[in-house]
Amino acid sequence: MKKKLLSLLLVATMVTSLAGCSGAKSSDSASVEEKVTIRVFSNQTDRKTGQGLIEQTLFDNYVKENPNINIEVEALDDEAYKTKFKAYATGNAMPDLLNAWGQPSFLNEVIDAGLLAELDKSSYDDYGFIEGSLDGFSRDGKLYGLPRNTDVMAFYYNKKIFEENGWKVPTTYAELLALAETINEAGIVPCSMDGSDKWPLSIWMHDLIAKINGESKAMLEASVTNADFSDPSYVQAAQLLKDAVDVGLFQNGFETTDYGTARNLFANGQAAMYYMGSWEMSMATNEDVLEDVRNNLGVFAMPVVEGGQGAATDIAAWNGGGYAVSANSEVKEETIALLNYMFQPENWSKLAWENGVCMSAQDYSAYLTGDETEPQKAFTDIVVGSTSITGVTFNDLGTSEFKTISEDGSQQLVIGALTPEKFWETMAEACK
Amino acid sequence: MKKLYSNKWVIFSLVAPGIITFICAILAPICLSFYYGLTDFSGMGSFSFIGLENYKVLMTDTSFWLSLRNSLLLAVGFICIQHPLAIITAAVLDRLQGKAEGFFRCVYFIPNVISVAIIAYLWKFIYNPSFGLLNNILKIFGAKAEVNWLGSGLAIWSVLIVLIWHGFGWGMLIYYTGIKNIDTVIYEAAAIDGASAKTTFLRITLPLMKPVIQVNVTLAIISALKQMETVYLLTNGGPGNETQFLANYLYKQAFNSFKYGYGNAISIVFVVICLLATVALNKIFAEQKTA
């Protein structure tokens, strides 16, 4: 009898507690229903500095202005991002706002799989996007995303080290190579290079192709489409890269040095130069960078090649990272509204510039204050003074498979496993 | 109780959880992999059936053969370097007794406790040509040149050393438990008969450890073939493809090149190689038993 009573009591408590549970739940879901949640998948893992900070600031502002919107951010580093992106693509739970790269190697496969929503091109007419910057995100005349910034490849250099030793900024490639020897003799690494990620090596060649040929965008695109790299300028560019390796322009072991280590070599004053994109311009304000380096940061573009038709103003620049909206998003309209908000000129463009993070893909001239950091001014000058812009680098012009092969090839080239001729033969093979 | 176990339904219900897990988590994915291996699936969107094309490409893919060679090289390194050292260390540890025994057991096992990511970065810094520990030590001994440990030619050996060092603790711990399980009476008898340490080790410890060695060697070969994370973080196969390993190459093809179909074809070959290795090892050890 006692047992029976006890079990009855237990059952009673369980039922009431369960009822309590369900009661709480239902009230929860009711409040959620009013709110719209936009899921963002970002490659900006650092939300406190750089582009991540700008992104987060804009999200916070948007939520403040639109209390019914809730933004959930999931952020992963580039490589992990691409892997997870693919996992999302195969499943059905694609987040709403996505980070995307306006390069065929990334975007074409994604667009062809029908994963991205088409954006209304005409609605961005007064957003001030610079000419050609939307090309990377377009396919067959339709727009699928918006670029975040203009990326320019250049040399950062330590003015103080240069001045103290009486070195001059090289104006020709031969001078650059000659400088390598002089700097090595002083016991400093001439140019810090991230060879482990391979793409900086590809871009180095890409940059040289522009210096050899001048306007080279159409030529590169045709080469990738026709799988034909027989133009002698290609072999020359590869040879010039190999020459730089042979004269010791890069640090010992550069082919296995990763991004962070290469950057730190320069940021700690152990290297005189650092070949990297304009997205590193925030080094000038970054407290983690050695003060001596931070305050003496200079920038110059890849010097001209003797006998080449290009000028120093034919620059390697493109519009890389940006955003796209998932085609299957349940909150597509709200997501596009958020995207549009972010790219109103007074938002992304202005914030990014004022914080010295990057140059947006929009016209930011209205936000110039005159108090910019040295790299900001230098990069603006490079872009404003450019006579031609290469657009997407050659390694990103093909499929993602071509990207892997071409970047692997760049590394094999610098370690001497591939000759310049063989390198481009491999490239042509990979395009087929 | 006996009656209960002879009831087929009871047997079934006891075995079912294991079988179902095996089917869902291992067998079904392998079958799916085989299916995708016959397609040109990029990982998203539509795909078409291309028969054995992926396998044909695989046969002439030099990077694949290189990564297979590296994986086998690692297996050989495990068996010829890591395991003999592990057995000897385990035997010595067993002799040490007392506090020293526990201390060294811990020390040798530490690399296995540390996360793989940290291991990889630790060694990256040790190997760094300009400020790495290794080159600085060499400098003390008068070496002038900065050796590029992860550079072309040397890289594969540098990576092998890290992997062998990293897996050492596990192997040793299993051998150590094996040795601890050997009846001490046998050693006492040997000592009375005047057997030296060397003879005791060769005539008593080793033969009695045979089952442990068998398990350990099988595990080592499979872990060599499966090696991925340390290599991915240390060199990601570079420079070129010199330190490419099977699993890492598979990952690269499927996720970096978006050749999901091809990646799956590699994974099928991978499974076959692992199975063959296991079967071959079992055969070898079985023959020794009967001999």
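Reader: How do S1 and S2 of chain A pair?
Author: Strand S1 (residues 36–42) of chain A pairs with S2(A) in the parallel sense, over seven bridges. Strands here are DSSP E runs of at least two residues, helices H or I runs of at least four, numbered from the N terminus. Pairing takes at least two DSSP bridges. This is a predicted model: local features need pLDDT of at least 70, side-chain atom pairs count only at pLDDT 80 or more, and totals for chains, interfaces and linings use all residues. Residues are numbered from 1 along each chain as its sequence is written, and chains are lettered from A and ligands numbered from 1 in the order written.

Reader: Which residue of S2(A) is the bridge partner of A:Phe41?
Author: A:Glu74.

Reader: What packs on the sheet there?
Author: Helix H2 (residues 50–65) of chain A, touching S1 and S2 of chain A. Contact means C-beta atoms, placed from the backbone, within 7 Å. The direction of H2 makes about 165° with that of S2(A).

Reader: What's the strand order in the open sheet?
Author: S2-S1-S3-S13-S6 in chain A, with mixed pairing.

Reader: Which strands stand at the edges?
Author: S2 (69–75) and S6 (145–147) of chain A. Each has a single partner strand, so one side of each lacks a neighbour in the sheet.

Reader: Switching to the interface. How many residues of chain B are in contact with chain A?
Author: 23 residues of chain B, against 23 of chain A.

Reader: And what does A:Leu208 contact?
Author: Leaving aside neighbours within four places in sequence, A:Leu208 is in contact with A:Ala237, A:Leu240, A:Leu241, A:Met302 and A:Val305.

Note on methods. Two residues are in contact if their C-beta atoms, placed from the backbone, lie within 7 Å. Axes are lines fitted to C-alpha atoms, for helices over the stretch in contact, and angles run from 0 to 180 degrees between N-to-C directions.
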